[in-house]
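Keep the viewer open and follow along.

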Amino acid sequence: MKQNSQWTLLLATSMVSFMSTIDASIVNIAVPQLSRDLHAPMNEAEWVVSVYLVLICVLLIFFGKLSDQIGRISIFQIGTLVFVAGSLGCGLSVNLPMMLGMRVIQAVGASMTMATNFGIITQIFPSNRHGAALGVNSSFVQVGNIMGPGLGGLILATLSWHFIFFINVPIGLIAFAFGHKIFPKEERPKQKISMDYSGYLAYVLAIISFFVAIYWGQEIGFVKTQIIGLFVIAAVCVAAFILRENHTDKPLLDLHIFKNAGFSIGVISAMLVFAVSYFNNMIMPYYLQETLKYSSAIAGLILMSIPLLNIFSAPVGGMIGDHIGAEKVSLIALVLFLIPEAIFMTIQPSWGIVWLIIGLMLYGLANGAFQNNPMIMGNAGKQYQGIAGSIAALARNLGMSIGLSLSTSLLYFGISQKAGRRITTYPTQHPSWFVYGMHFSYRFAFAMICIALVLLISLVWHKSRKESL
């Protein structure tokens, strides 16, 4: 394929990656308005966020396996149209059931594109440009993840929440048109579709049980019998899935891929970093609007400092990674991550906004430089590129889902600890309680970055030692 066509296709796939990722976070800031306009309680309206993330986690492995058999490009293109249709339906929704139904359609389309985009990029670009190409795509994905609250605040300041979804329609159609014209035709022999449905059922039950336990546990407490029972069901299903995949001729997920330490550590560290990113998505809008008393428009502009730096550092990190290795670039990024996390877990309202903006900008710089996609895809064999792309997207969405639940659980636990009683909302009369809960949450975020850092140090040391022998 000609080089200009390669970059045009990269732009088309990255636009869809941006949309599907941003829709996981942009809705957060609109939940209060959705709750009022759709006449739904706040805790029910929050399912608009949760349903999207959890369903993507459920479907990614399925579409990754399917794409290896019938072609990645066709699934990506169909997924783009399904996502556009779901976005249009979300914007037109008049009640919560309709909104949740349209979010399901959106999630189906998003999972189809997420499961295939990395595989398509490694398919159309030569190996010596994988880092740069995946770095560009990473910038769109990471910006989509962290830009949601900021862009959502700006849209809500001038337009209604409907336009959060409507904006996807023209962008998605343009991306589809680009792909339809330029994507190469896939020549694949006709074959019977093979799918390990027993293994997939165990996987689905594990994911659903785990997240129902997480979200339900936030409301009633995690020591209740039914919550513990759901966690046990999830653990049993994971064990059954692993057992099934190791004893079938055509597994849904070939677990041999995880024998590569670089691949496994790339997946785990990506999940941790994306979980930490959701601490900002969930906590910072409250801190800016409720504690510091900024408008949604000003809060949105401040939060945009993250993606502004991210856009610059992601492709630069990818190009450097092509020369020194994605793991070494990611290691530097994780060290840089520690600075903004240290600021967030100690900052006080009296410090002024400058310190917060410095922290957000450093976070954006580190987040862009972290080369999770090149790390994962580069350590997967050629025969695993389709499923590796699905696992990379799964790690991202699992991280976001865990970050969503963990950040709010830790925040309210910290607030309750300070107040001496159970609190699950912003303590309007005691903003200092919120600041205490925020610091409590970010200590855990700091620890998660440290875990990722230790894993990556061990990987880089092991690879350096191996190369010197």
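Which residues in H13 meet which residues in H16? Before answering, keep in mind that this is a predicted model. From H13, the residues are Val 273, Val 276, Asn 280 and Met 284, and they meet Leu 334, Phe 337, Glu 341 and Phe 344 in H16. Sorted by class, that contact has six nonpolar residues, one polar and one charged.

Now look at how these two helices are laid out. H16 covers residues 326-344, and H13 packs with H16 at an angle of about 25°, their axes 13 Å apart. Angles under 35 degrees count as roughly parallel, so that is the label H13 and H16 get. As for handedness, H13 passes H16 in a left-handed crossing.

Stay on H13, but slide along to its contact with H14. Met 284, which also meets H16, turns up again here: together with Pro 285, Leu 288 and Gln 289, Met 284 meets Ser 296, Ala 299, Ile 302 and Leu 303 in H14. This contact divides into six nonpolar and two polar residues, with no charged ones. The geometry here reads quite plainly: the axes of H13 and H14 come within 9 Å and cross at roughly 135°. H13 and H14 are therefore oblique to each other, and H13 passes H14 in a right-handed crossing.

Is Lys 293 buried or exposed? Lys 293 counts as exposed, because its relative accessibility is 61%.

Next, move along to another pair, helix H15 (residues 305-324) and helix H17 (residues 353-369). H15 and H17 pack at an angle of about 30°, with their axes 7 Å apart. That makes H15 roughly parallel to H17, and the crossing of the two is right-handed. The list of contact residues runs on a bit. On the H15 side you'll find Ser 305, Ile 306, Leu 309, Asn 310, Phe 312, Ser 313 and Ala 314. On the H17 side, the residues they meet are Ile 357, Leu 360, Met 361, Tyr 363, Gly 364, Leu 365, Asn 367, Gly 368 and Ala 369. By class, the contact of H15 with H17 comes to ten nonpolar and six polar residues, and no charged ones.

Find Ala 393, which is in helix H19 (residues 385-419). How many residues separate Ala 393 and Leu 60 in sequence? The count is 333, yet their C-alpha atoms are 7.3 Å apart in space. Leaving aside neighbours within four places in sequence, Ala 393 is in contact with Leu 60, Met 114 and Phe 118. Ala 393 is buried, because its relative accessible area is 0%.

Leu 205 is found in helix H11 (residues 197-220), and its C-alpha atom is 41 Å from that of Ile 320, which is 115 residues away along the chain. With a relative accessibility of 40%, Leu 205 counts as partly exposed. Then there's Gln 429, in the loop between H19 and helix H20 (431-468). Gln 429 and Met 375 are 54 residues apart along the chain, and their C-alpha atoms are separated by 46 Å. Gln 429 counts as exposed, because its relative accessibility is 68%.

Last stop: the cysteines. Cys 237 counts as buried, because its relative accessibility is 11%. Cys 450, with a relative accessible area of 28%, is partly exposed.

Note on methods:
Residues numbered from 1 in each chain as written. Predicted model: local features only at pLDDT ≥ 70, side-chain atom pairs only at ≥ 80, totals over all residues. Heavy atoms only, no water. Buried < 20%, exposed > 50% of the residue type's maximum accessible area, 1.4 Å probe, protein only. Axes fitted to C-alpha atoms, helices over the stretch in contact; angles between N-to-C directions. Helix = DSSP H or I, 4+ residues; strand = E, 2+ residues; numbered from the N terminus. Parallel < 35°, antiparallel > 145°, perpendicular 65-115°, else oblique. Left-handed = near helix turned anticlockwise from the far one by under 90°. Contact = heavy atoms within 4.5 Å. Nonpolar A, V, L, I, M, F, W, Y, C, P; charged D, E, K, R; others polar.
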